[in-house]
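Visitor: Could you take me on a close look at one part of this protein? I would like to see how a single residue sits among its surroundings.

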Amino acid sequence: MTTDRLSSTFAALADPTRREILTLLARGEATVGEIAAQFTISLPAISRHLRVLEHAGLITRTRDAQWRRNRLQAEPFDAAISWMQERTRTWHDRLDRLDAHLHRRGPDGPGPDTPAPDTPASCTPASDTPTPDTPAPDRAGDHDERTH
């Protein structure tokens, strides 16, 4: 499948009406009239949607006497799924490498409050900001009932 074919597949799938038509055709082939009966839009609008789906290769249309039957085609879906799975593998690999890098750095690496080397001092946390390792500063008016 070329990039153009893949683009056509995703463009066709972008429309909710076309996705619903594909859901109907997943149950079995249907005529234009049978498909149109499931929607509140006009028959010419359904025909335009079917042309887009046919151009993308997602359906085939056959003629049986005066009836035009529409049938779902799996191949473009397989190509789109394959493309998405490749992207998923790429991101999983990247995240695995990041995880391994962070584990190699260990707990002694820069903490969350340590600025990056090129971070201006004005962007660093204030010294009185509590961190998980330091208690919050006492505020006037705060009382600990146990000390009285």
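Guide: Happy to. Please keep in mind that this is a predicted model. Of the 148 residues in the protein, 20% are buried. The accessible surface comes to about 11,200 Å², with 53% of it belonging to carbon and sulfur atoms. As for how the chain meets itself, take the contacts between residues at least 6 apart in sequence: 50% of these join residues at least 24 apart.

Now to your residue. Arg61 lies in strand E2, which covers residues 59-64. Arg61 counts as buried because its relative accessible area is 16%, and the cut-off for buried is under 20%.

The three strands form an open sheet in the order E1-E3-E2, with antiparallel pairing. Strand E1 (30-31) and E2 stand at the edges with a single partner strand each, so one side of each has no neighbour in the sheet. For E2, the pairing with strand E3 (residues 67-72) is antiparallel and runs over six bridges. Within E3, Asn70 is the bridge partner of Arg61. The side chains of Arg61 and Asn70 are also joined, by a polar contact of 3.0 Å.

Setting aside neighbours within four places in sequence, Arg61 is in contact with Val32, Ser47, Leu50, Arg51, Glu54, Arg68, Arg69 and Asn70. Two of those names lead us onward: Val32 and Arg69.

Ile46 has its place in helix H4 (residues 43-55). With a relative accessible area of 0%, Ile46 is buried.

Arg69 takes us to Glu34, which touches Arg69 and Glu29 once neighbours within four places in sequence are left aside. Glu34 is found in helix H3 (residues 32-36). At 41% relative accessibility, Glu34 is partly exposed. The side chain of Glu34 reaches the backbone nitrogen of Thr31 at 2.8 Å. Looking back along the chain, Leu24 is ten residues from Glu34, and their C-alpha atoms are 9.7 Å apart.

Ile81, in helix H5 (residues 75-105), is partly exposed, with a relative accessible area of 41%. Together with Trp83 and Met84, Ile81 makes a nonpolar surface patch of about 270 Å².

To return to where we began: Arg61 is a buried residue in strand E2, with Asn70 as its bridge partner in E3 and a side-chain polar contact to Asn70 at 3.0 Å.

Methods
Residues are numbered from 1 along each chain as its sequence is written. This is a predicted model: local features need pLDDT of at least 70, side-chain atom pairs count only at pLDDT 80 or more; totals for chains, interfaces and linings use all residues. Side-chain values use heavy atoms; hydrogens and water are left out. Patches are made of residues with over 30% relative accessible area and no salt bridge: like charges are joined within 9 Å, nonpolar side chains (Val, Leu, Ile, Met, Phe, Trp, Tyr) within 5 Å. Accessible areas come from the Shrake-Rupley method with a 1.4 Å probe; for residues, only the protein chains shown count as cover. A salt bridge is a side-chain nitrogen of Lys or Arg within 4 Å of a carboxyl oxygen of Asp or Glu. Helices (H or I, at least four residues) and strands (E, at least two) are DSSP runs, numbered from the N terminus. Buried means under 20% relative accessible area, exposed over 50%, partly exposed in between (1.4 Å probe, protein chains only). A polar contact is a pair of N or O atoms within 3.5 Å; within protein, one must be able to donate a hydrogen and the other to accept it, and residues adjacent in sequence count only if both atoms are side-chain atoms. Contact means heavy atoms within 4.5 Å. Two strands pair if DSSP finds at least two bridges between them.
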